[in-house]
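The sequence and the coordinates come first, and the description follows.

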Amino acid sequence: MLEITNLHASVGDKPILKGLTLSVPAGEIHAIMGPNGAGKSTLSNVLGGKPGYEVTEGSVTFRGEDLLALEPHERAAAGLFLGFQYPVEIPGVSNVQFLREALNAQRKARGQEPLSGGEFLKLAKDKAALLKMDMEMLKRQVNVGFSGGEKKRAEMVQMGILDPAFAVLDETDSGLDIDALRIVGAGINSIMRAPDKAVLLITHYQRLLDVVAPDKVSILAGGRIVETGGPELALRLEAEGYDAVMA
Amino acid sequence: MTTATLPTRRDEAWRYADMDGLKRLGAAALDQWQVIDVPAGENLTRCLVVGSDAPEVQRLRVTLGEGASAAFFVVNRGGDYTRFEVEVRLARAAHFEFGGVTIGGAAVTREFVTQVTHAEPEATSNQIIRAVHWAGATGNFLGEIKVARHAQKTDAAQDFKGLLLEAGASANAVPQLEIFADDVKCAHGATVGELDEQARFYMMARGVDPATAQRLLVQAFIGDAFVALEDEAERERLLDAALAALEGAKL
C-alpha cells in the first residue's frame with residue numbers, strides 16, 4: 001500500500017532522511033521506533049507534505065500513485081491521514097465545522113456527494129462515542145483549551161470521521177495517561193485494523209504497542225531503517241535499549 | 001460651512017489616507033456628516049457594508065444620551081479608497097460598540113477612523129478592528145479616545161489586528177489616547193501578522209483545500225469584530241460580505 005524507496009529528505013540544508021526504504025502492505029500495522037533525532041517526525045512530515053521538508057532523492061508510492069507529487073489536501077483525499085505529534089489549535093473554528101469541511105472536501109475530490117449537516121453530526125457522534133469523547137468537546141474550537149491527552153483523543157476522533165485507508169501516527173501516545181492510552185489504542189484498532197487499511201505507528205514506547213499489537217516493528221536511526229522484525233523487536237528495545245539492539 | 005480645501009497628510013486623521021482618491025472624490029463630499037442622536041436609555045445597532053468601485057468617505061457624528069448605546073458593525077471592502085469615520089460623544093453610562101473589518105487587495109486603501117469622547121462618567125466603549133489585506137492594499141485604523149476631566153470610571157478599549165496575506169500589503173494602527181480623568185480604564189492593542197501556516201497545513205492534512213483553509217482562517221480572524229453582534233442573520237450577512245471579497249486573494 002505504501003512503498004518508500006531510498007528516501008532522502010532535508011530540512012533547510014540539513015539532510016535528515018538518508019536512504020530510507022520501507023514497505024507497508026494493506027492489513028499491516030507497522031511500528032517505527034527510534035532514538036531522538038533519528039528522523040521519525042521528519043518521515044511523517046514528508047509523508048504528509050509539510051512545507052519546509054524537501055525530498056532530495058527517492059520515491060514514495062501510495063496505492064500505486066506518486067505520493068510526493070500530491071499537495072497535502074490531495075494526499076488526504078487519496079486516503080492518507082497524518083496524526084500530529086502536536087495537534088494545532090485553530091481559534092475561531094469549531095471542530096464540527098472544520099471536520100465537516102474536511103470530510104466533504106475529501107468526498108468531493110473522490111466524486112462523492114457531500115454529507116448534510118445532520119448526517120455529519122450523526123457520524124461525528126458515533127466516532128466521538130468510540131473514543132469516549134463528549135460531543136460538547138467537538139462543538140468547541142479546534143484543540144483550543146484541550147489538554148495534551150484530549151488533543152490526541154480528538155485526533156483519533158478525526159481519524160474515525162475521515163476514515164482513511166492509511167494512517168501515519170506520529171507519537172500519538174505522547175502526553176497520554178494510562179486510561180487515555182488504552183482508549184486511543186483501542187480506537188486505532190477499531191478504526192484502522194482492517195484487511196484494506198494500514199498504519200505507520202511512530203512511537204517511543206512499548207506501552208502503546210501492548211494495546212495496538214503491531215505486525216511489524218522497524219528501527220529508524222540516522223535517517224534509515226536499520227532493522228525490521230516482529231513485535232519481539234520492540235520488547236527487546238524496551239529491555240535493552242537502542243544502543244544494545246543496534247550494536 | 002464648507003471645507004473647500006482637501007486635508008493633507010499633515011493632518012493626523014488623514015495621515016494614511018489615499019490623497020489621490022480624496023482628490024477624485026472632491027472636497028465637498030467631506031462636508032457630508034450624517035448626524036445620529038441616540039436619546040437617553042435607547043439603543044441603536046447598525047450593520048453596514050461600505051465601499052464601491054469609486055472613492056467613498058462616510059462620516060458619522062453620533063451623540064449618545066445618558067445610558068444610551070450605539071453599536072456599529074462595518075465591513076469596508078471598497079474597490080477604491082474607502083474611509084468610514086465615526087465621531088461619538090458619550091454621556092453618563094452610555095456605551096459605544098464598534099466592530100470593523102477592512103478587507104481587500106488591488107492596492108486600495110481602506111480605513112476606519114474613530115474619535116470617541118467620553119464626556120461624562122461611567123461610559124464604556126469597545127472597538128474591535130480587523131484588517132485583512134493582500135496585493136499591495138492598505139488597511140488603517142486611526143482611533144482616538146478622549147476622556148474628559150470629570151469622566152471618572154470610564155472604561156474604553158480598542159483592539160486592532162492586521163492579517164497580511166502577502167508581502168507588499170500593509171496595515172497601520174494609530175491609537176491616540178487623551179485622558180484627563182484619573183480613575184479610568186483605557187486599553188489598546190495592535191498586532192500585525194501573517195496567516196498561521198501551522199494551522200493551514202493542519203487543515204490541508206485533513207483534506208481541506210488551500211482556498212477553503214484560508215477562508216476558514218480569515219473567517220475566524222475577522223469573526224472577533226462581530227462577536228458583540230447578537231443578530232445571527234446580520235452577523236452572517238457581514239461575514240459573507242467580507243469573505244466574498246476574499247475571492248481571488250493570494251493563497
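In chain A, where is confidence lowest and where is it highest? Helix α10 (residues 242–246) of chain A has the lowest confidence, at a mean of 82, and strand β1 (residues 2–11) of chain A the highest, at 97. The confidence is pLDDT, the predictor's own score for each residue, from 0 to 100. Chain A averages a pLDDT of 92, and 100% of the residues score at least 70.

This is a predicted model, in which local features need pLDDT of at least 70 and side-chain atom pairs count only at pLDDT 80 or more, while totals for chains, interfaces and linings use all residues. Residues are numbered from 1 along each chain as its sequence is written, and chains are lettered from A and ligands numbered from 1 in the order in which they are written.

**The sheet of chain A**

Helices (H or I, at least four residues) and strands (E, at least two) are DSSP runs, numbered from the N terminus. Two strands pair if DSSP finds at least two bridges between them. In chain A, six strands form an open sheet in the order β6-β9-β10-β3-β11-β12, with mixed pairing. At the edges stand β6 (80–83) and β12 (224–229) of chain A, each with a single partner strand, so one side of each has no neighbour in the sheet. From one strand to the next, the twist averages 20°; axes are lines fitted to C-alpha atoms, for helices over the stretch in contact, and angles run from 0 to 180 degrees between N-to-C directions.

Strand β3 (residues 29–33) of chain A runs parallel to strand β11 (residues 216–221) of chain A, and four bridges join them. Here A:M33 stands opposite A:I219 in β11(A). Helix α1 (residues 40–48) of chain A packs on the sheet and touches β3, β6, β9 (166–170), β10 (198–202) and β11 of chain A. The direction of α1(A) makes about 145° with that of β9(A).

**Chain B**

Chain B has four helices and twelve strands. Of its 251 residues, 45% count as buried, that is, with 20 or more other C-beta atoms within 10 Å of their own; 12 or fewer makes a residue exposed, and those in between are partly exposed, with C-beta atoms placed from the backbone. Strand β10 (residues 155–164) of chain B is mostly covered, with eight of its ten residues buried.

| Strand paired with β10(B) | Bridges | A bridge pair |
|---|---|---|
| β12 (residues 185–193) of chain B | nine bridges | B:A156 and B:C186 |

Two residues of chain B other than glycine have a positive phi: B:A106, near 60°, and B:E122, about 65°. B:A106 lies in the loop between β6 (95–104) and β7 (109–118) of chain B, and B:E122 in the loop between β7 and β8 of chain B. B:A106 is partly exposed, with 14 other C-beta atoms within 10 Å; B:E122 also counts as partly exposed, with 18 C-beta neighbours inside 10 Å.

**Where the chains meet**

Two residues are in contact if their C-beta atoms, placed from the backbone, lie within 7 Å. The contact takes 21 residues from chain A and 17 residues from chain B. On the side of chain A that touches chain B, the largest share, five residues, comes from α3(A).
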